[in-house]
Amino acid sequence: GVLSRVIGGWTMSGIQRYTSGVPLHVSADVFDTSGLFNNGFYADIKLPKEQWIIGSKPADPDIDRGTPYLNPAAFGPPPSTASGALPTRFGNAGRFVDGLRGFATWSEDFSLLKRTDLGFREGASFEIRMDVTNIFNRTGINDPNTDAGDPASFGRIFGPYVLKIRTIEVSTPCWRWYAIVSASAKRLASS
């Protein structure tokens, strides 16, 4: 009856993405790399692991000056030749620094679908669908600058970022309504 058409035919689905943060690559981009067919040099690790991080994850990073997170004294470019154009050896940091990761991210998407059999012909149905990306409107924190060749900004976090702007889309086979709910973007712009 009518009640089964209202209550029945619902389908929900969701996608959750949770990451623990990507490994950080600490580079020393102060040398000419054109002759080596190399896109950069690894940095040198100069202090023990316990002294790499000097700050905690900032709730509201300074977009202009950056919020200190990594210790600039802990990493640096490898020693250079007298001219300063080339390093005397490769840095000891490796491609990714063991135990040094970016910040975790969380994102959830949600879909709701209602399909109702129209009853006048076999297979004839009406469908309405709602898709929401980033349903909880989460933002994240940028990873710190990891170029040890730039000591002024090395280790600083220059602001939050929007994982995905929350969007809500409601559609039927012949009609679509689309809205971008951008509270995250407004919050970032006012920072």
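This is a predicted model: local features need pLDDT of at least 70, side-chain atom pairs count only at pLDDT 80 or more; totals for chains, interfaces and linings use all residues.

User: How many helices and strands does the protein chain have?

Analyst: Helices (H or I, at least four residues) and strands (E, at least two) are DSSP runs, numbered from the N terminus. The protein chain has two helices and 11 strands, and the order from the N terminus on is α-β-β-β-β-β-β-β-β-β-β-β-α.

User: What percentage of the residues is buried, and which share of the contacts is made by residues 24 or more positions apart?

Analyst: A residue is buried under 20% relative accessible area, exposed over 50% and partly exposed in between (1.4 Å probe, protein chains only). Of the 191 residues in the protein chain, 32% are buried. A contact means heavy atoms within 4.5 Å; among those with a separation of 6 or more, residues 24 or more positions apart account for 67%.

User: How many residues of strand β10 are buried, and in which sense does β10 pair with β6?

Analyst: Six of the seven residues of β10 (residues 166-172) are buried, so this strand is largely enclosed by the rest of the structure. Two strands pair if DSSP finds at least two bridges between them. For β6 and β10 there are five bridges, in the antiparallel sense, and V132 stands opposite I168 in β10.

User: How many aromatic pairs are there, and how is such a pair described?

Analyst: The distance of the centres and the angle of the planes describe a pair of aromatic rings. Rings of Phe, Tyr and Trp (its six-membered ring) pair if their centres lie within 6.5 Å; planes under 30 degrees apart count as stacked, over 60 as edge-to-face and the rest as tilted. The count comes to four aromatic pairs. One of them is tilted, because the rings of W52 and F75 have centres 5.4 Å apart and planes at 50°. W52 lies in the loop between β2 (44-45) and β3 (67-68) and F75 in strand β4 (residues 75-76), so this pair ties together parts 23 residues apart in sequence. Both W52 and F75 are buried, and together with F154 they form one aromatic cluster.

User: How many salt bridges does the whole structure hold, and which residue forms one with D109?

Analyst: A salt bridge is a side-chain nitrogen of Lys or Arg within 4 Å of a carboxyl oxygen of Asp or Glu. The search finds six in the whole structure. D109 is bridged to R17, with the closest N and O atoms 2.9 Å apart. Because D109 lies in strand β5 and R17 in strand β1 (residues 10-19), the pair ties together parts 92 residues apart in sequence. D109 counts as buried at 13% relative accessibility, whereas R17 counts as partly exposed at 34%.

Key:
Residues are numbered from 1 along each chain as its sequence is written. Side-chain values use heavy atoms; hydrogens and water are left out.
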